[in-house]
Every structure is written in C-alpha cells, then in structure tokens.
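Student: I have a model open and would like to take a close look at a single part of it with you. Could you walk me through it slowly, and then show me how the neighbouring parts fit in?

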Amino acid sequence: MELLYTKVGTHEIEISTESKDFKDFIQRNFSIFRGKTSDPDLKIIIKKGFGKPFVNYQVEVSKHEEKINFQRSDYLIETGSDYRYSVIYAHNEFALKHAITNLYSSFIVYHNWGLLIHSSCALENRKAHIFSGQSGAGKSTAAKLSAPRELLSDEATILKIDDGKVTVFDSPFRSEFQATGTNKSAPLASIQLLHQALHNNRTNLKKSDALIQLLDKVFYWAHSPEETKQVIKLLNKLVETVPVYDLHFQKNNRFWELIS
C-alpha cells in the first residue's frame with residue numbers, strides 16, 4: 001500500500017490506498033509532496049467498493065463510544081472523535097471527493113481552526129474576496145467572470161479563523177477549476193452574498209444578519225451540540241472580522257468595480 005503526503009490549509013495529511021483509481025484522483029486534485037512527514041495531522045486510509053452511485057446529499061451520522069461514522073449511499077467514513085485517524089470507503093471518485101470534504105470540514109471545526117464555506121474565492125491585489133450564495137446564485141459564474149484574477153476556490157473555500165484575522169488557503173475541493181497546487185494563502189478582505197440582478201449594487205449587512213445568512217453556507221453535518229456551538233462561535237469571529245455584503249450583480253465583470 002503506497003503512502004501519499006499532501007497539505008491542505010496548514011495541515012499535513014498522510015493518505016494510503018491500494019486503489020490505482022483513487023491514487024490517481026488524489027494526485028490530480030491535491031498537491032503531493034515527497035518524503036514522509038513524521039507526525040501528520042490526519043491519517044486517512046481509503047478503500048474502494050462501498051455502496052452504490054450517488055443518490056442524494058443525505059448523510060447519516062452515528063457515534064459509538066470514541067468512534068464517529070458518516071454514511072451516505074456512496075461513502076462511509078469511520079473516524080475517531082478527534083478526526084485524526086480515519087478510514088474512508090467510497091464507491092467512486094465523486095463519492096471520495098465529498099467524503100474527504102466532509103472529513104476535513106469536521107476536523108477543522110473540532111480543532112477550532114476554521115471553516116469550509118460553500119463559495120468561490122478570487123484574489124485582487126493580494127487580498128481574497130469570497131462569493132457565496134444559495135445553489136444557482138452564481139458562485140461559479142462569479143469565479144469565471146473574475147478572470148484573469150487567481151482563484152483560491154470555486155466550490156469550498158478554506159478559512160483559518162483567528163481573533164482579528166481570517167486567512168484563505170488554496171482549496172483542493174474544486175468543481176470546475178483545477179487547483180494550482182501552490183498552497184497559496186491570502187487575508188480575507190470581504191464576503192459577497194450573491195443575487196443575480198439587472199444592475200450592480202452592493203450593500204453592507206449587519207453582523208447579526210450576516211451570521212444568519214452564512215449558517216447554511218458552512219460544510220457541516222450536525223451531530224453534536226458542542227460542535228454546532230463551535231461553528232457558530234467561528235462564524236461570529238468571521239463576521240466580526242470581515243465585512244459581509246449583499247451583492248446584486250449582472251453577468252459581467254463590472255461588479256469588481258464595487259469591490260476593488
């Protein structure tokens with residue numbers, strides 16, 4: 001069984017799998033570095049041949065003593081209570097992608113490190129700007145219209161949240177745009193909640209409204225009151241640090257005139 005080493009955010013991850021297809025998937029989508037890390041933050045064993053093709057996004061979570069299971073029709077995650085040691089059983093690459101997203105999101109919430117936000121993110125003058133919204137709001141469209149600006153994400157944005165500072169990291173959890181593999185990071189300057197419109201307009205949201213609007217944009221599978229409180233605590237830090245706007249935008253790149 002070959003070991004692969006990658007880094008997501010600030011976390012070093014050791015991955016092992018006997019599946020050639022899954023090994024290829026990891027190498028295509030994650031930045032692989034050579035040499036063994038002595039003390040990885042996460043260790044993941046990946047196995048192929050679970051369940052059936054994707055049915056829906058419903059994930060069942062169960063806890064048994066110090067073990068937590070996340071199960072969907074096409075994947076199963078068996079992990080410890082601190083998410084450091086996990087086994088993922090996946091039906092195919094699509095299931096594997098979602099399972100790793102699920103696991104990493106749970107890991108960073110538990111360790112009070114940060115959040116995964118359903119959004120795209122582009123760099124402007126070395127600062128990061130997020131575009132989020134309901135399904136179909138235009139996250140991918142905003143990413144495409146942001147060219148030639150560099151993208152740090154097009155589906156799931158990785159946020160490290162500290163007191164008074166939020167940092168965005170290059171995300172391997174992509175949809176249409178391949179990650180650069182540079183592990184680049186940048187300070188977060190703004191969050192835009194998208195609404196397609198006939199005219200461009202941007203208005204600042206109150207912090208309380210921003211927190212409520214962002215709650216369902218977090219990749220999080222509720223199963224613990226303590227971890228739910230942790231998500232809200234991190235979101236509160238986020239909206240206290242970074243301005244959140246409603247952005248009504250046309251399908252052209254002129255909305256950047258309101259951001260730059």
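Student: What covers the buried residues of helix 1?

Tutor: Happy to take you through it, with the reminder that this is a predicted model. The cover over the buried residues of helix 1 includes strand 1 (2–8), strand 2 (11–17), strand 3 (42–48), strand 7 (85–90) and helix 2.

Let's start with the helix itself. Helix 1 spans residues 20–29, and its buried residues are Phe22, Phe25, Ile26 and Asn29. Those four lie on the same side of helix 1, because they cover an arc of only 95° around the axis. At the start of helix 1, look for Ser19, where a side-chain oxygen comes within 3.4 Å of the backbone nitrogen of Asp21.

Now turn to helix 2, which is part of the cover over helix 1. Helix 2 runs over residues 93–110, and both helix 2 and helix 3 (139–145) supply at least two residues each to the lining of the largest pocket. The greatest contribution comes from helix 2, with four residues. The largest pocket has a volume of about 620 Å³. Its lining has 26 residues, and Tyr57, His98, His118, Glu155 and Phe219 are the closest to the centre. Here the division is ten nonpolar, nine polar and seven charged.

Stay on helix 2 for a moment and find Thr101. Thr101 counts as buried because its relative accessibility is 7%, under the 20% cut-off. Beyond its neighbours up to four places away in sequence, Thr101 touches Leu116, Phe173 and Phe219.

If you follow the chain past helix 2, you come to the loop between helix 2 and strand 8, where Asn112 sits. Its phi is near 55°, a positive value in a residue other than glycine. That deserves a second look, because most residues other than glycine have a negative phi, and most peptide bonds are trans. Asn112 is partly exposed, with a relative accessible area of 28%.

Strand 8 (residues 114–124) comes next in our tour, and Leu115 is in it. With 0% relative accessibility, Leu115 counts as buried. Setting aside neighbours within four places in sequence, Leu115 has contacts that include Ile108, Val109, Thr157, Ile158, Leu159 and Val231.

Finally, visit the loop between strand 8 and strand 9 (127–132), which holds Asn125. Asn125 also has a positive phi, near 50°, and is exposed, with a relative accessible area of 68%.

Definitions and conventions: Residues are numbered from 1 along each chain as its sequence is written. This is a predicted model: local features need pLDDT of at least 70, side-chain atom pairs count only at pLDDT 80 or more; totals for chains, interfaces and linings use all residues. Side-chain values use heavy atoms; hydrogens and water are left out. On a 1 Å grid over the protein atoms alone, a cavity is a set of points where a 1.4 Å probe fits but cannot get out, and a pocket is an open set with protein on both sides within 12 Å along at least five of seven lines; lining residues have an atom within 4 Å of a point. Grid points are joined across faces, edges and corners, and a volume is the space filled by probe spheres set on the points. Ala, Val, Leu, Ile, Met, Phe, Trp, Tyr, Cys and Pro count as nonpolar, Asp, Glu, Lys and Arg as charged, and the others, Gly among them, as polar. Buried means under 20% relative accessible area, exposed over 50%, partly exposed in between (1.4 Å probe, protein chains only). The arc is that of the directions from the helix axis to the C-beta atoms. Contact means heavy atoms within 4.5 Å. A polar contact is a pair of N or O atoms within 3.5 Å; within protein, one must be able to donate a hydrogen and the other to accept it, and residues adjacent in sequence count only if both atoms are side-chain atoms.
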